[in-house]
Amino acid sequence: MKGRKLVLVYGEAETGKTTLVIQSAVNCARAGFKTIFVDADNTFFSRRMRQLANDDFEALAPQIILMKPDSFEQQAQAINSLDDYVSSRVKLVVIDTITSRYREELGKGRDAFKLNRELNRQLGYLAQIVNTKKVACIVVSQVRSVLLGDGASIQPVAVRVLKFWADTVISMRPTPKTEVVRLTVSEKGDKERAPKPILLKIEEMGLREI
Ligand SMILES: Nc1ncnc2c1ncn2[C@@H]1O[C@H](COP(=O)(O)OP(=O)(O)O)[C@@H](O)[C@H]1O
Ligand SMILES: [Mg+2]
C-alpha cells in the first residue's frame, strides 16, 4: 500500500477485517518494513499471524510492534506515543479496532460528547502522523446496523467522524457463503466512479480474491 494514506476498514463481525490488517502487516514485514499494530480488541494476534506468515513467522514477527491497550484511555496513550515510535523503518500503523474501547465507555454511560471529541482527536492525530511521517494507517471499525425502509443497511459507529478523516474507505460485507466476503474500496473525492466490489475467500493463509 502507498504511504501517506488514512484507510478506514469497516464491516460486521467475522468479515475478515482482522485477517486483512494482519495480512497487510505481514506483507509490510516481507517488504522489509515495520508495522505498529494496536490490538485494542485483544484478538488472537499471534496465532492468526503464525498462520498468515506461515514459515516466515520467526523472521517477520520482530518487524511488528504490538500494543494491546485495554481501555479507551490506554488506547489514547498508545496513539499519542506514535510520534516517538514511528521511525523511518515503520511504514504502517494499524488500529484494530478503533471503536471497541470507545463503545465500551459509551456502554458504561460515559459522556458521549467527550468520547466523540476524544475519538475525533485520535483520528486527527493519526491523520497528522500519516502526513508528517510517510506512513500508511489503517483504522478498523465495527459496524452498527441501521435499518432502512428497504432492508438492513450497515454503517460504522461514529461513522461521520471516521469517514471525515479517511482518504480511503474499505467496506467488508458478508455474502450468503460464510467464508466469502465482498470488499468495496472507495477513494475520497472520487464520487463519479462507482466502486467495484471484489469477492474474497477467507482461508487459513489469508484473504484470496476469487
Ligand atoms: N485459519 C483460518 N482458516 C480459515 N478461516 C479462518 C481462519 N481463521 C479465521 N478464519 C475465519 O475468518 C473469519 C474471521 O475473520 P476476522 O479477520 O477475525 O474477522 P473480523 O475481524 O472482521 O471479525 C471467521 O469467519 C473465521 O471463520
Ligand atoms: Mg477483528
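This is a predicted model: local features need pLDDT of at least 70, side-chain atom pairs count only at pLDDT 80 or more; totals for chains, interfaces and linings use all residues.
Trainee: Okay, ligand 1. Which residues come nearest to ligand 1?

Mentor: There are 13 residues around ligand 1, and E14, K17, T18, T19 and Q51 come nearest. A residue counts as near if one of its heavy atoms lies within 4 Å of the molecule.

Trainee: What makes the pair between E14 and ligand 1 a polar contact?

Mentor: A polar contact is a pair of N or O atoms within 3.5 Å; within protein, one must be able to donate a hydrogen and the other to accept it, and residues adjacent in sequence count only if both atoms are side-chain atoms. A polar backbone atom of E14 is 2.8 Å from an oxygen atom of ligand 1, so the pair qualifies. A backbone N or O atom of T15 lies 3.1 Å from an oxygen atom of ligand 1, so that pair qualifies too. For E204, a backbone N or O atom lies 3.2 Å from a nitrogen atom of the ligand, so that also passes.

Trainee: How much of ligand 1 does the protein bury?

Mentor: The protein buries 68% of the 580 Å² that ligand 1 exposes when taken alone. Those areas come from the Shrake-Rupley method with a 1.4 Å probe; for residues, only the protein chains shown count as cover.

Trainee: Which element gives the most to the shell around ligand 1?

Mentor: That's α1, with three residues. The elements that each supply at least two are α1 (17-30), α2 (45-53) and β9 (198-203). Those labels are DSSP runs numbered from the N terminus: helices are H or I with at least four residues, and strands are E with at least two.

Trainee: Now salt bridges. Why is the pair R30 and D56 called a salt bridge?

Mentor: The term means a side-chain nitrogen of Lys or Arg within 4 Å of a carboxyl oxygen of Asp or Glu. R30 lies in helix α1 and D56 in the loop between α2 and α3 (57-60), so the pair ties together parts that are 26 residues apart in sequence.

Trainee: What makes E203 and K201 a salt bridge?

Mentor: Their side chains meet at 3.8 Å, N to O, so the pair falls within the cut-off. E203 has 24% relative accessibility and K201 has 25%, so each is called partly exposed.

Trainee: Where do R121 and E118 lie?

Mentor: Both are in helix α7 (residues 112-133), three residues apart, or about one turn of the helix. A search of the whole structure finds 11 salt bridges, and E105, K108 and R110 are linked in a network of them.

Trainee: Why is S24 called buried?

Mentor: S24 has a relative accessible area of 17%, so it is under the limit and counts as buried. S24 sits in helix α1 and touches L92 and I138, leaving aside residues up to four places away in sequence. Touching here means contact, with heavy atoms within 4.5 Å.

Trainee: And why are E14 and N42 called exposed?

Mentor: E14 is at 74%, so it is over the limit. N42 is at 54%, so it passes as well. E14 lies in the loop between β1 (5-11) and α1, with a positive phi of about 70° although it is not a glycine. N42, in the loop between β2 (34-39) and α2, has a positive phi of about 55° and is not a glycine either.

Conventions
Residues are numbered from 1 along each chain as its sequence is written. Chains are lettered from A and ligands numbered from 1 in the order in which they are written. Side-chain values use heavy atoms; hydrogens and water are left out. Buried means under 20% relative accessible area, exposed over 50%, partly exposed in between (1.4 Å probe, protein chains only).
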